[in-house]
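Please look at the sequence and the model first.

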Amino acid sequence: LTMTMTMRTTTTRTRRVDFGSSAIRVTRTAALRGRTNANDAARKRIHTEASNKPTDTMDMGMDMGMGVGGTKRVKVLRKRVLVCKASASASSASGDSSSSSSSSSSSKLVTAGYIALWYAVNVCFNLTNKTLYKSFPFPWTVSTVHVVVGAIYCLVCYGLGFKKASFGRPITGEELKKISGPASMHAFGHIAANLSFAAVAISLTHTVKTLEPAFSAVLQWSILGTPTPLPVLGSLVPIIFGVGMVCASELSFNWLGFLSAMFSNLTFGFRAVLSKKTMSDVKDLGSTALYAYTTVISVVLCAPLALIMEGQALPAGIQAAVAKLGWAKFGTYLFSVGLFYHLYNQFAFNTLQRVNPVSHGVANVVKRIIIIGSSVLFFGNILTRQTILGTCIALAGTA
């Protein structure tokens, strides 16, 4: 019995010796894996909860028995979370500022596009209009044709479904009353400008009309209560002086052309200020729609005045123009000048919606530089030195 127990003990010891190293390795490996998995799971929980409550991560790590090493890891994780959040907020603020800057640049680009179209179409209108007057000197009738063609254009666009390019939407009776004010000023100013175009050279009319910012500044202050900065008021002095020089030396000067241009300045100044006020009072009606309704109201005002002023002489004038130009050319002139007139005024209204009345008046004067130069080249008008100097001084006042 003693020998048997001794043999069993020896066998047990032998087995322990043979398999001891493997068991130790297995045991150590399992322990390491367990610790690694536990640490990974704890680290994930800490990271998740730290992103929500970064100030509580240290206490959480201590409660889970992480010890000193775990606490250090929690601190590192906390710093990383805070850095990530700071980076996210910085990138968000940067994105907001970049989007705001992009929106501002896009708005300026659209405004510049409207101004460019306004200038280009206006040059086409002035050259075609003056050419028509040489064969058909009936400014009251031609003024009516301008707005009639524009009204037809708006009706066709609206009928085809292009509502944003015409009337936009129906208006109420109260809105019609608000629009009628600037529309009437537009109609009367339009007739006055055409009386001046027919009576004198285009260059003289547009030089006199450089005074429009002066009228706009006074009317803006008296109606809207908006004062004009002193530098802008100071720039009006050379404009007035230059216009005086031109009028004193212009070969084609006459009082009808001069006074008509001045009356046009007054009425268009009223139009700019009242239109700006109407744009703020009438909601959900864009500048294009506002001008479409202005055109229709202008037809109602211009047509009766044309019949009163030129009705008796109109048949003979039409016959003379047809004999000189032919029906096709005469009709083309009337239609094209009416379309040019409507489009350039539509672009002018689009511009007015984006700038204040005085800036709009100054942009209008810059437009006149282009028109005066193109008309002199196109018609070969003779300008004296005093006329050239006065024109330059008047235009320099708008810079």
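Is arginine 169 buried, exposed or partly exposed? Arginine 169 has a relative accessibility of 22%, so this residue counts as partly exposed. The model is a predicted one, and the sections below describe the chain and then selected parts of it.

## The chain as a whole

The protein chain has 14 helices and zero strands. Read along the sequence, the pattern is accordingly α-α-α-α-α-α-α-α-α-α-α-α-α-α. The chain has 399 residues, and 42% of them count as buried.

The accessible surface of the protein chain is about 21,200 Å², with 67% of that area belonging to carbon and sulfur atoms. Among contacts between residues at least 6 apart in sequence, 85% join residues at least 24 apart.

## The salt bridge

One salt bridge is found in a search of the whole structure. The side chains involved are those of arginine 169 and glutamate 175, at 2.9 Å from N to O. A salt bridge requires such a pair to lie within 4 Å, so the distance of 2.9 Å qualifies.

The two partners fall in separate accessibility classes. Arginine 169 is partly exposed at 22%, whereas glutamate 175 has a relative accessible area of 14% and is buried. The cut-off for buried is under 20%, which means that 14% places glutamate 175 in that class.

## A nonpolar surface patch

Which residues form a nonpolar patch on the surface? They are Val148, Ile152, Val156, Leu160 and Phe162, and together they have about 480 Å² of accessible area.

One of these residues, phenylalanine 162, lies in the loop between α4 (139-159) and α5 (173-199). Its relative accessibility is 52%, so phenylalanine 162 counts as exposed.

## Helix α8 and its cover

Helix α8 spans residues 230-249, which gives it 20 residues. From its first C-alpha to its last the helix reaches 30 Å, close to the 28 Å expected at 1.5 Å a residue.

The buried residues of α8 are Ser235, Leu236, Ile239, Gly242, Val243, Met245, Val246, Cys247 and Ser249. What covers them includes four other helices: α6 (202-208), α7 (212-224), α9 (255-281) and α14 (385-396).

With a relative accessible area of 2%, threonine 207 is buried. Apart from its neighbours within four places in sequence, threonine 207 is in contact with Val243, Val246, Ile372 and Thr391. Val243 and Val246 are among the buried residues of α8.

Threonine 128 belongs to helix α3, which covers residues 67-135. Its relative accessible area is 14%, so threonine 128 is buried. When neighbours within four places in sequence are left aside, the contacts of threonine 128 are Tyr333, Ser336, Val337 and Phe340.

## Cysteines

How many disulfides does the count come to? The count is zero. Cysteine 154 is in no disulfide, and the nearest cysteine sulfur, belonging to cysteine 157, is 6.7 Å away.

Cysteine 154 is buried, with a relative accessible area of 1%. Cysteine 302 is also buried, and its relative accessible area is 1%. Cysteine 392, in helix α14, counts as partly exposed at 46% relative accessibility. The C-alpha atom of cysteine 392 is separated by 9.6 Å from that of proline 238, although these residues are 154 residues apart along the chain.

Where is aspartate 284? Aspartate 284 sits in the loop between α9 and α10 (287-310). Its phi is near 55°, a positive value in a residue other than glycine. Aspartate 284 has a relative accessibility of 73% and counts as exposed.

Isoleucine 382 is found in the loop between α13 (357-379) and α14. With 66% relative accessibility, isoleucine 382 counts as exposed. Along the chain, isoleucine 382 and serine 252 are 130 residues apart, and their C-alpha atoms are separated by 9.6 Å.

Methods. Residues numbered from 1 in each chain as written. Predicted model: local features only at pLDDT ≥ 70, side-chain atom pairs only at ≥ 80, totals over all residues. Heavy atoms only, no water. Patch = residues over 30% accessible without salt bridge, like charges linked within 9 Å, V, L, I, M, F, W, Y side chains within 5 Å. Areas by Shrake-Rupley, 256 points an atom, 1.4 Å probe, with all protein chains shown as cover. Helix = DSSP H or I, 4+ residues; strand = E, 2+ residues; numbered from the N terminus. Buried < 20%, exposed > 50% of the residue type's maximum accessible area, 1.4 Å probe, protein only. Contact = heavy atoms within 4.5 Å. Expected span 1.5 Å × (residues − 1). Disulfide = S-S within 2.5 Å.
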